[in-house]
Amino acid sequence: MSRQTLLALSLCAFALTACQSNEPEPINDEPPVAVPEAPSRASTSDTIDLATESRREIETTSGRPARTVDPSAEIPRLEGNLTESGYGLTMIIDGSSPQAFADSLEMIASDTSPEQFRQLDSAIRFLQAYSLGVDSLGEFYQSLDGQTPEEIIARVQQRDGRQR
């Protein structure tokens with residue numbers, strides 16, 4: 001082997017040895033507490049899937065009924081869950097499918113007050129009632145894809161202001 005190769009291998013061995021944990025074994029018989037890994041950068045749909053799964057676990061343990069409405073047939077009726085204003089109106093809506101849209105609404109509802117969510121729900125229903133050329137709820141949801149609730153509410157307020 002060349003001198004450079006030996007030097008490189010020695011440095012790697014040194015670095016690996018230095019990176020090893022020198023923490024002592026626990027004295028008691030209890031196993032060490034596992035620290036969860038930091039999540040990697042996930043896509044929006046992965047984040048929504050994880051949040052939806054967590055919410056479903058909470059619903060089954062909290063006694064809140066799970067959603068029973070088919071989002072492709074009807075816009076889900078939800079309420080905001082916070083006692084004061086939250087940040088749900090800044091979240092991005094996923095309108096790629098009826099189920100994704102319903103999951104987005106659930107996530108938004110979990111981080112808004114009842115009044116905040118009523119504004120969004122009213123705006124969505126207004127846009128749906130006056131959407132021309134949209135044949136299905138799936139197409140309507142896609143028209144809202146990528147927007148925030150704040151943008152949807154502002155759009156309706158702007159449209160409503162022109163009608164007066």
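This is a predicted model: local features need pLDDT of at least 70, side-chain atom pairs count only at pLDDT 80 or more; totals for chains, interfaces and linings use all residues.
At what angle do the axes of helix 4 and helix 5 cross, and within what distance do they come? The axes of helix 4 (residues 114-129) and helix 5 (residues 137-144) cross at roughly 120° and come within 11 Å. Residues are numbered from 1 along each chain, and side-chain values use heavy atoms, without hydrogens or water.

**Helix 4 against helix 5**
- The crossing of helix 4 past helix 5 is right-handed.
- Helix 4 supplies Ile124, Leu127 and Gln128, which meet Leu137, Phe140 and Leu144 of helix 5 (contact means heavy atoms within 4.5 Å).
- By type, the residues of this contact are 5 nonpolar, 1 polar and no charged.

**Helix 4 itself**
- Helix 4 has 16 residues and reaches 22 Å from first to last C-alpha, close to the 22 Å expected at 1.5 Å a residue (the expected span is 1.5 Å times one less than the number of residues).
- Its buried residues include Phe117, Leu120, Ile124 and Leu127 (buried means under 20% relative accessible area, with a 1.4 Å probe and protein chains only).

**Helix 3**
- In helix 3 (residues 98-110), the end C-alpha atoms are 18 Å apart, which agrees with the 18 Å that its 13 residues should span.
- Of those 13 residues, 10 are buried, so helix 3 is largely enclosed by the rest of the structure.
- Among the buried residues are Asp103 and Glu106, along with Phe101, Leu105 and Ile108.

Technical notes. Axes are lines fitted to C-alpha atoms, for helices over the stretch in contact, and angles run from 0 to 180 degrees between N-to-C directions. Helices (H or I, at least four residues) and strands (E, at least two) are DSSP runs, numbered from the N terminus. A crossing is left-handed if the near helix is turned anticlockwise from the far one by less than a right angle, and right-handed if clockwise. Ala, Val, Leu, Ile, Met, Phe, Trp, Tyr, Cys and Pro count as nonpolar, Asp, Glu, Lys and Arg as charged, and the others, Gly among them, as polar. Buried means under 20% relative accessible area, exposed over 50%, partly exposed in between (1.4 Å probe, protein chains only).
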